[in-house]
Amino acid sequence: MKTKFLKYIKYTLALALITSTFSCQKLVEGINDNPNQLTVNAFDAGLFLKSAQLANILIHTGELQRAAGFYSSTFIAFERLEGDRYNYDISERDFDLSGYQSVLTPLRFIREEKPDNMLYQGIAKVVEAHLMGSYASLFGDLPYSEALNPEIENPVFDEQKDLFAALQALLDGAISDLESVSPADAVMGDYIFGGDALKWKESAYTLKARYYMHTKEYSMAYSAAGNGISSVSNNMMFEPYDDGANSADSKNTIYSRIALGMDPVGTIADAEHPCYLLDLIELRQNAKTNEEARLEYLTIDPYEADANHGAAERLEAQPLITYQENQLILAEAGGRTSGISQGLTHLNALRSVLSTGATLNSSVDGLGMQYDAYVAADFNAGGIENQDNIDATRAFLREVIEERYICGFYTFMPFDDNRRLQKSDLDLTIPFPFNTSTQSQHVQRLVYPDDEMNSNDSAPVDPGAYQATDVNL
């Protein structure tokens, strides 16, 4: 990766704002139209914040997410490029690391320009940690400590574990900043939380917990999640908006892909295209659980966009960091470190919320959404959640992992869990099928893009899609 572009940041950032995919934001309204007179100082830092947040959303709801869904059988594709990816035809031309420029560059500019505004500082650090943690989980080793340094032409690839440690420190800094916000620390352009420091702080803690789960530091994950996202209303979501047109830029990204006639993707399966997500929901019904509503909500027709009224409805919000994830971190990490009783408290708290329909939308009103509280005996041999008579704690953890798989739809969580559990907890992995009858290995990582490999002399030999990353060895 050639990182000389910071030398020209005043020009590239202004250009990025003008040419933003989200044209409806009118980022340059009121600015002199003469491009020769545009400088970065003509823009408020908040405009860079909005640009970075929206670019980060695109990355977390775009091709990387769809690929992770293909390789954990929560999402299916039928033809053309997406069909090739779905069928494990993975090459260095499939993915990119554009977030270094579209997300990190404006965030670093904000931190440099607003050193005394703790709200800008904290938000910028959380968004940076969100992007780089996802990249590290998906790809493994990556440039970070030397990235974006104009004096270093070929930044080294930091080891994955070191990168996660650096992000934990970054998030600690973000939390400290957000706890130090004063009334004078106003921000412009916070598309996600409108400058709400508490919501940003809770997201920072949930990210810390997520990354401790990646590195299997379960007691640390439990501690961090204790301060994480405290309600569904505090979820970090991509909130589409109605701009009066069928613009893909402002709509649910699954809906847009189908509506615009791109490679069809969805969850409705056939004999040749298995999607285990819907199968698992049906298999989980028991005397305390009726998931009729959630099954309907997550059933996505890949060919008829306007037939989708649940997760792929055109204005349906899409998850980035959520209360559901946070509760399930508490449930799994608590179950692992302190036993079923500790974990069950958090699982039942989530089930109580699920029973209200708060994580769905009105399209499934009237359908079954029963999530009665479990008791520890339900996980004993022969209990309603342990029909195959395994160890009670393992049965409880299996239930949590299944819930993570479903609640994590259209996030990286199912893909992350599958890779995390294969080495140490194979009995807890979701038994989803391979997408082809010839496939015999699970994808362990995404391959580095060829522009990165060709432009950075420090790039290692790509280990391939089937080599586990360090945290999953």
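Tutor: A residue counts as buried when its relative accessible area is under 20%. Keep that cut-off in mind for this predicted model.

Student: Is Tyr 276 buried or exposed?

Tutor: Its relative accessibility is 12%. The cut-off for buried is under 20%. Therefore Tyr 276 counts as buried.

Student: Which aromatic residue pairs with Tyr 276 edge-to-face?

Tutor: The structure holds 19 aromatic pairs. In one of them, the ring of Tyr 276 has a partner 6.5 Å away, centre to centre. The planes stand at 70 degrees, and over 60 counts as edge-to-face. The partner is Tyr 405.

Student: How many residues apart in sequence are the parts that this pair ties together?

Tutor: Tyr 276 belongs to helix 11, residues 276-283. Tyr 405 belongs to helix 15, residues 392-407. The pair therefore ties together parts whose separation in sequence is 129 residues.

Student: Are the rings of Tyr 405 and Phe 432 stacked or edge-to-face?

Tutor: Their centres are 6.4 Å apart. Their planes meet at 20 degrees, and under 30 degrees counts as stacked. So the pair is stacked.

Student: Where does Phe 432 lie?

Tutor: Phe 432 is buried, at 8% relative accessibility. Tyr 405, its ring partner, is in helix 15, 27 residues apart from it. Phe 432 itself lies in the loop between helix 16 (413-424) and helix 17 (450-455).

Student: Which residues touch the most other members of the largest nonpolar core?

Tutor: In soluble globular proteins, nonpolar side chains tend to be buried together. The largest nonpolar core here has 122 residues. Helix 6, residues 118-139, gives the most to this core, with 13 residues. The residues touching the most other members are Tyr 135 and Phe 139.

Student: How many residues are in the second, separate core?

Tutor: Its members include Ala 209 and Met 213. Ile 329 and Leu 330 are also among them. The second core has 10 residues.

Student: How far from Asp 190 is the nearest side chain of opposite charge?

Tutor: Asp 190 sits in the loop between helix 7 (160-179) and helix 8 (197-214). Asp 190 is buried yet has no salt bridge. A salt bridge needs the charged atoms within 4 Å. The nearest side chain of opposite charge, Lys 199, is away by 9.3 Å.

Student: Which backbone nitrogen lies 2.6 Å from a polar atom of the Asp 190 side chain?

Tutor: The backbone nitrogen of Ile 192 lies 3.2 Å from a polar atom of that side chain. For the 2.6 Å distance, the backbone nitrogen belongs to Gly 195.

Note on methods. Residues numbered from 1 in each chain as written. Predicted model: local features only at pLDDT ≥ 70, side-chain atom pairs only at ≥ 80, totals over all residues. Heavy atoms only, no water. Helix = DSSP H or I, 4+ residues; strand = E, 2+ residues; numbered from the N terminus. Buried < 20%, exposed > 50% of the residue type's maximum accessible area, 1.4 Å probe, protein only. Lys, Arg positive; Asp, Glu negative; His and termini not counted. Polar contact = N/O pair within 3.5 Å; in protein donor to acceptor, adjacent residues only side chain to side chain. Core = buried A, V, L, I, M, F, W, Y, C linked by side-chain atoms within 4.5 Å. Phe/Tyr/Trp six-rings, centres within 6.5 Å; stacked < 30°, edge-to-face > 60°.
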